[in-house]
Amino acid sequence: METISRLSNNSRALEARRNVFKIGVVAVSLLFGFFLRVYLIGARSFWLDESDSANLLKEGYLQLFSKSINTANNPAYVYLLKSWSAIFGNSEIGLRSFSLVCALLSIAAIYFLAKKIFDRKSGLWAAFILSGNFFSVFYSVEARQYSLAILASICSAYFFSKLVWGRQKKRDYFIYCAFSILGIHLHPWFVLILASQVISTLVFGKKYRELLLSQAAVAVLSVPWVIILFKIRDSGANEWIGTAGIGTIFETFRSFFWGNGFSYFIAIGIALFFYFFAVDSTKINGTVKYVLEERKRGRLPAEKITFALIYLIFPLLAALIISQFFPFYSAGRYEAVVLPAFVMLLAFVFSKIESFYAAAAIGGIIAFTSWQAVAYEREKVLSYGSNDKTIAEDVLKKIENNDIIVFTGITRPPFDYYFSRLDLHNKNIREISFPSGMEVHPAYQNSKDFSLRPENAEKETNEIIREARAKEAKNI
């Protein structure tokens, strides 16, 4: 009995140490992720799309939906951002902090997802990888919906995995549907995430009837928004996107490896080595020597690896096919919702590194290259001679009351954002977009209807001159 009690106490002590280690790794990942993002968050001024989001917040809650649709923005994100700004303000950092918090929640959430799909070790690696992944860092310091979409993707996949490989609870069905609907309202690609989950349900679902009904409910409740998405498609918002090819998928993976490619490949090589071989000590002629032995490998979790691959590959291939008919796929932010699958698979490979010292060395290399990528980006941005904010400041110093500012490009949204914040003297100026169609961002219009005929341009020019004379404007 004493032996059994001692073994039980040792087992509890070992589990306690493991829990402390687990909490420590997740905490370090969160702190590291927070540090990288805070270091970068204020380096850049708002760019065009961020300014668009910020300018919408001036609208009332009732007008916000139609205004968001007319400017091809996501109402779900804009409503959440407006609520956030009521507490944290509408400065660059105030608005971007919403994406930063979503990123930190994603780091914690992907630990539980990878742990559920594979094991605890994979979960720890996933949290650490996502904390320093430059793709995640970059979009978590923008006042746009991509960081929130990544979080919704992780949460949807987590509750899906609970329903497939865990004990089904009614609450989990509800939460799964909620995150899936939110994801679809945040990102068009989330429809492909839902489709990949339907495929996985048919392949792996033990109680697929309930899951399919839940997925059907998500699809039905998302129909109104999907119809709106098709209307936005005709607005010209994506006309700048070319037809995707196989090379676009390679660009996607390059984006996912962004800033960490070299360290990731080193880690993958070491992980594969430890998967196939073990380094064991043995005594030869009285001397301890270390020899390589082929590792006895357990069965891989084939079902779950297949699910993760479907989660990653199906949306990319489906988007590639869809893009042949209308603009849908451009390497970069568009595929943000499949980043968790990439990180999760990478974490599973890294979990095969058995040596603590090798794992620590790889972790150090990944952390260093992550820091280098963020530091390089910050220095690059700070080296620019000017940005939208400094240009707005310069214009404000030169203009006087009754002057007219004519915008001939797509720079007006950033100027409108900064002008309202920098104009301490409330100067009375007139802003005009030329041609007048530029009043609404040309990306939100069908270019076929966007006329640039010379006779129209001449007429608008004469009107600007007449208005300047009537107002006695000193400068245009």
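A residue counts as buried when its relative accessible area is under 20%. Keep that in mind as you move through this predicted model.

**Helix α14.** Start by selecting residues 302–322, which form helix α14. At 1.5 Å a residue, its 21 residues should span 30 Å, and the end C-alpha atoms are 29 Å apart, which agrees. Look for a bend of about 30 degrees at Ile-310. Ile-310 is also one of the buried residues of α14, which include Phe-307, Tyr-311, Pro-315 and Leu-320. Show their surroundings next: the buried residues of this helix pack against α5 (92–117), α8 (146–165), α10 (190–204), α12 (246–257) and α15 (339–350).

**Ser-370.** Now go to helix α16 (residues 356–382), where you will find Ser-370. Ser-370 is buried, with a relative accessible area of 1%. Its side chain reaches the backbone oxygen of Ile-366 at 2.8 Å. Beyond its neighbours within four places in sequence, Ser-370 touches Phe-32, Leu-36, Gly-132 and Asn-260.

**Aromatic pairs.** The structure holds 43 of these. Select Trp-84 and Phe-98: their ring centres are 5.2 Å apart and their planes lie at 45 degrees, so the pair is tilted. Trp-84 belongs to helix α4 (residues 75–88) and Phe-98 to helix α5, so the pair ties together parts 14 residues apart in sequence. Both residues are buried.

**Charges over rings.** Arg-44 lies over the face of Phe-138, 4.6 Å from the ring centre, and the charged end of Lys-82 sits over the ring of Tyr-61, 5.3 Å from its centre.

Note on methods: Residues numbered from 1 in each chain as written. Predicted model: local features only at pLDDT ≥ 70, side-chain atom pairs only at ≥ 80, totals over all residues. Heavy atoms only, no water. Helix = DSSP H or I, 4+ residues; strand = E, 2+ residues; numbered from the N terminus. Expected span 1.5 Å × (residues − 1). Bend = angle between axes of the 7 residues up to and from the residue. Buried < 20%, exposed > 50% of the residue type's maximum accessible area, 1.4 Å probe, protein only. Contact = heavy atoms within 4.5 Å. Polar contact = N/O pair within 3.5 Å; in protein donor to acceptor, adjacent residues only side chain to side chain. Phe/Tyr/Trp six-rings, centres within 6.5 Å; stacked < 30°, edge-to-face > 60°. Lys NZ or Arg CZ within 6 Å of the ring centre and 35° of its normal.
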